[in-house]
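Hello,

Here is the structure I promised to pass on.

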Amino acid sequence: MSVRPPEVRLREAVPPEAALTEADRALVRLLDRLAADGYRFVAPTPSTASTVAGRRDRARPDNLRDVLGWSLPFAPRDLPADVEALLRAGEAVRPDGELLRPTLRVSAVDGRLHLHSAPGADADAVFLGPDSWRFVRLLRETLDRRPGFARALDIGAGAGVGALALAARAPLAEIAATDVNPRALRLMRINAVHAGQPLRIVEGSGLAGLSGPFDLVVANPPYIADRDKRTYRDGGEALGTAVALTWAREAAGVLAPGGRMILYTGAPVVEGQDLVHAALTDLAAARGLDLAYEELDPDVFGATLRRPEYATVERIAAVGAVLTRR
């Protein structure tokens, strides 16, 4: 295994648990309590969440999925006393008229519970949804074919879904996770402590100054050209592909021989040409990499095509790419 680079030690020398505040610890206890009770909620798309939540104006008494899944407002004492106390201690509720509204959600991915932002939050909201499920499935299927890795990195890890999936699969591996959003780093720490996984969490964009070599780099970047520049939606220039392609280029420079980057992203298709596939093919040829590429869903975020900047785009495909250093 490679020696841990000094940049990592300087940025975060303590395990996630040691960095938790008292409010964070309350949220770890909340996740532990929910897991013990068998709580499960699958985070849908924002449009589905809005439709279902709109069927009721408030949560039903003692319905944790209404509150922590569908993010409905609730009356004090409508929840079990210990759950409401943990939400308050974790600073995860706000007033909504005479009711209270949760600021966080709890969703299950890959058999683990994850805290993430409630719908309707601001530009730094920490997203988790169907893309997270497809990302983890891509990781699982790719690693089923070739499982071994000792040093891994999740770029732009958000709530930590990908990094925790890797940690669960390879408990002895050294796994780092980066993100530019302090709110994401907080939730990632809480989720990691609940899962019992010692991630090395680093604040910063892209590689965040970490040096290779890595056996495995994974990423699930934002991929929509977002006018509001929301952290987990805006993929930058070139129809939202800029962030994904930048991270792919950075990852190519830190892969060990035989190392892989697993990239889940969205690919705009113009006149039948997949722009991400074309760009990754050029990158692979220039860097001496092998490329495996697959459409995982041929049509996602279809409503985006109504926007003027997408006037030439036929569809946006969810894709999985594996770049391997020879």
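**Helix contacts and aromatic pairs**

In H2, the residues Ala23, Ala26, Leu27, Arg29, Leu30 and Arg33 meet Asp82, Val83, Leu86, Leu87 and Ala89 of H5, where contact means heavy atoms within 4.5 Å. Sorted by class, this contact of H2 with H5 has 8 nonpolar, no polar and 3 charged residues (Ala, Val, Leu, Ile, Met, Phe, Trp, Tyr, Cys and Pro count as nonpolar, Asp, Glu, Lys and Arg as charged, and the others, Gly among them, as polar).

A word on the basis: this is a predicted model, in which local features need pLDDT of at least 70 and side-chain atom pairs count only at pLDDT 80 or more, while totals for chains, interfaces and linings use all residues. Residues are numbered from 1 along each chain as its sequence is written, and side-chain values use heavy atoms, with hydrogens and water left out.

Back to the helices (DSSP runs of H or I, at least four residues; strands are runs of E, at least two; both numbered from the N terminus). The axes of H2 (residues 22–36) and H5 (residues 81–89) come within 8 Å and cross at roughly 150°, which makes H2 roughly antiparallel to H5 (over 145 degrees; under 35 counts as roughly parallel). Axes here are lines fitted to C-alpha atoms over the stretch in contact, with angles from 0 to 180 degrees between N-to-C directions. This crossing of H2 and H5 is left-handed (the near helix is turned anticlockwise from the far one by less than a right angle; clockwise would be right-handed).

For H10 (residues 242–252) and H11 (residues 275–287), the axes come within 11 Å and cross at roughly 15°, so H10 is roughly parallel to H11. H10 passes H11 in a right-handed crossing.

Now the rings: there are 2 aromatic pairs in the structure (ring centres within 6.5 Å, with the six-membered ring used for Trp; planes over 60 degrees apart count as edge-to-face). Phenylalanine 41 and tryptophan 70 are edge-to-face, 4.9 Å centre to centre with 90° between the planes. Phenylalanine 41 lies in the loop between H2 and H3 (46–53) and tryptophan 70 in the loop between H4 (64–68) and H5, so the pair ties together parts 29 residues apart in sequence. Both phenylalanine 41 and tryptophan 70 are buried (under 20% relative accessible area with a 1.4 Å probe, protein chains only; exposed is over 50%, partly exposed in between).

Best wishes

Key. Angles under 35 degrees count as roughly parallel, over 145 as roughly antiparallel, 65 to 115 as roughly perpendicular and the rest as oblique. Rings of Phe, Tyr and Trp (its six-membered ring) pair if their centres lie within 6.5 Å; planes under 30 degrees apart count as stacked, over 60 as edge-to-face and the rest as tilted.
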